[in-house]
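Reader: I would like a close look at a single part of this model, namely how the parts of one chain are set apart and what then joins the two chains. Please take it slowly and keep the account connected.

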Protein chains: 2
Amino acid sequence: MKVTVIGLGPGAGQDLTGRARAALEECDLIVGYTAYVELIRPEFPEKECLATGMRREVDRCRLAVEKALEGKHVAMVCSGDAGVYGMAGLVYEVAQEYIPIDIEVIPGITAACGGAAVLGAPLTHDFAVISLSDLLTPWEKIVRRLKCAALADFVICLYNPASHSRPDHLRKACDILLEEKDGDTPCGWVRNIGREGETARILTLRELRDEPVDMFTTVFVGSSETRVIGGKLVTPRGYATRRG
Amino acid sequence: MKVTVIGLGPGAGQDLTGRARAALEECDLIVGYTAYVELIRPEFPEKECLATGMRREVDRCRLAVEKALEGKHVAMVCSGDAGVYGMAGLVYEVAQEYIPIDIEVIPGITAACGGAAVLGAPLTHDFAVISLSDLLTPWEKIVRRLKCAALADFVICLYNPASHSRPDHLRKACDILLEEKDGDTPCGWVRNIGREGETARILTLRELRDEPVDMFTTVFVGSSETRVIGGKLVTPRGYATRRG
């Protein structure tokens, strides 16, 4: 009948929008990656849930589409936003292979916005979002994007800065950025945004290079205008200088 | 006592997160730009509200900080996210001039995520967010960012694509992007995201150049991988090709 792809926000519960909550209440079945289903299940204890493991993205989307074709209203849950490195794209791709079904996407707070709020206001001006995972993207393409983002003087938000199989991607990325950017550029990272054990740190790009991060961390690299104000990471947009 | 800067999401009401709603219920006073205060006032009819006009950003933040210093819990509301071209940065800047107060930022759904959900899933891979407003940013800097974003093959999300005083900024931006990108690149725009009169269109970059847009419109320009699938704008991340 229908697949609604829902962004849960970084911490699920309190980060859910009213629209996302209403769709979860209305659906017949919640489908998602095990960790995200576990995050949301306590809020909707009476709902049927189907969880699939890591790297089973295509299977998960097929399952959602096939359950919808059986007549169910399926809620496919994603952490953060449903679209930003989320499952919304793949649901559309997979659904092509079947008879047409109704697909709706309900956005959620992505880690760029959630993490920025913890650090202060680093994204008040133009920014780029880049994943450092080369599982699905050639590393050369990631390098080119980092170089161009530095040349553009974007604030840069890095998703998937590291994992067990690629512990040194953040260091490599910082080295590329340091070719264009000052080592004193204010940066920050947030781990477990909106969840238990949320931690954050503000530091320089030079320090960031050697910082241990993991797959639950989102990293922010300032533009030439980003500053630390009152212990927070802030990219002024220019209002204050316009009016004094 | 405290300023909580709150992102209302694109359409306010149903796009509010639980955390944003709780903060609005708890606050003593809502401060914001007139249009955004009007958007949220019906949901919290008993709250004291102070609205200020367009381009009064610094005054608005001073008002919020000064009311907090009087002992109030002030909710400063922004459309979309509190940080992405929002007031969070300026609140930190303005607050420096006073004795320290507690400032909290509660993120909201930004137009990039809200608009993407309407069009399909254009932001499933790396992207850049650029404002075409040159009120606070030199046009040369905007041009450089557009060029670099095209070279990086980012999906590009454009905020403030036009206004009365700069009706041709989107055309100029498209001409810059067309130097690097194919005229057939799938693009889209959404107007009044999540509000009454929401409209959207998917079209090519060549067509986008001549499209009439306004300040309530958010524009999406695809990367080389963005496609139209089932009438929706989708940037595949590569899951489907990895696993067939």
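Author: In this predicted model, the centres of domain 1 of chain A and domain 2 of chain A, taken over C-alpha atoms, are separated by 28 Å. The domain assignment places domain 1 of chain A at residues 2-106 and domain 2 at residues 111-234. Where the two domains touch, domain 1 of chain A contributes 11 residues and domain 2 of chain A contributes 10 residues.

The crossing of α3(A) past α4(A) is right-handed. On the side of α3(A) the contact is formed by E57(A), V58(A), C61(A), R62(A) and V65(A), and on the side of α4(A) by L90(A), V91(A), V94(A) and A95(A). Sorted by class, this contact of α3(A) with α4(A) holds 7 nonpolar and 2 charged residues, with no polar ones.

Ten strands, or 10 in figures, make up an open sheet with mixed pairing, and their order is β10(A)-β9(A)-β11(A)-β8(A)-β7(A)-β7(B)-β8(B)-β11(B)-β9(B)-β10(B). At the edges stand β10 (199-204) of chain A and β10 (199-204) of chain B, and because each has a single partner strand, one side of each is left without a neighbour in the sheet. From one strand to the next the twist averages 15°.

In general, the strands of a sheet pair through backbone hydrogen bonds, and they do so either parallel or antiparallel. In chain B, strand β7 (residues 127-131) and strand β8 (residues 155-159) run parallel and are joined by 5 bridges; V129(B), for instance, has C157(B) as its bridge partner in β8(B). Helix α6 (residues 139-151) of chain A packs on the sheet, where this helix touches β7 (127-131) and β8 (155-159) of chain A, and its direction makes about 165° with that of β7(A). In chain B, helix α6 (residues 139-151) likewise packs on the sheet and touches β7 and β8 of chain B, its direction making about 165° with that of β7(B).

As for how the two chains are related, chain A can be laid on chain B by a turn of 180° and a shift of 0.0 Å along the axis, with an RMSD of 0.0 Å, which means that the relation is that of a two-fold axis. The same surface serves both copies, in that 100% of the contact residues of chain A recur in chain B.

Lastly, chain B has an open sheet of 3 strands in the order β6-β13-β12, with mixed pairing. Its edge strands are β6 (120-121) and β12 (227-229) of chain B, each of which pairs on one side only. Strand β13 (residues 232-234) of chain B runs antiparallel to β12(B), to which 3 bridges join it, and I229(B) has K232(B) as its bridge partner in β13(B).

Definitions and conventions:
Residues are numbered from 1 along each chain as its sequence is written. Chains are lettered from A and ligands numbered from 1 in the order in which they are written. This is a predicted model: local features need pLDDT of at least 70, side-chain atom pairs count only at pLDDT 80 or more; totals for chains, interfaces and linings use all residues. Side-chain values use heavy atoms; hydrogens and water are left out. Two strands pair if DSSP finds at least two bridges between them. Helices (H or I, at least four residues) and strands (E, at least two) are DSSP runs, numbered from the N terminus. Axes are lines fitted to C-alpha atoms, for helices over the stretch in contact, and angles run from 0 to 180 degrees between N-to-C directions. Contact means heavy atoms within 4.5 Å. A crossing is left-handed if the near helix is turned anticlockwise from the far one by less than a right angle, and right-handed if clockwise. Ala, Val, Leu, Ile, Met, Phe, Trp, Tyr, Cys and Pro count as nonpolar, Asp, Glu, Lys and Arg as charged, and the others, Gly among them, as polar. Copies are superposed by least squares on the C-alpha atoms of residues with pLDDT of at least 70 in both. Domain bounds come from an automatic or database domain assignment.
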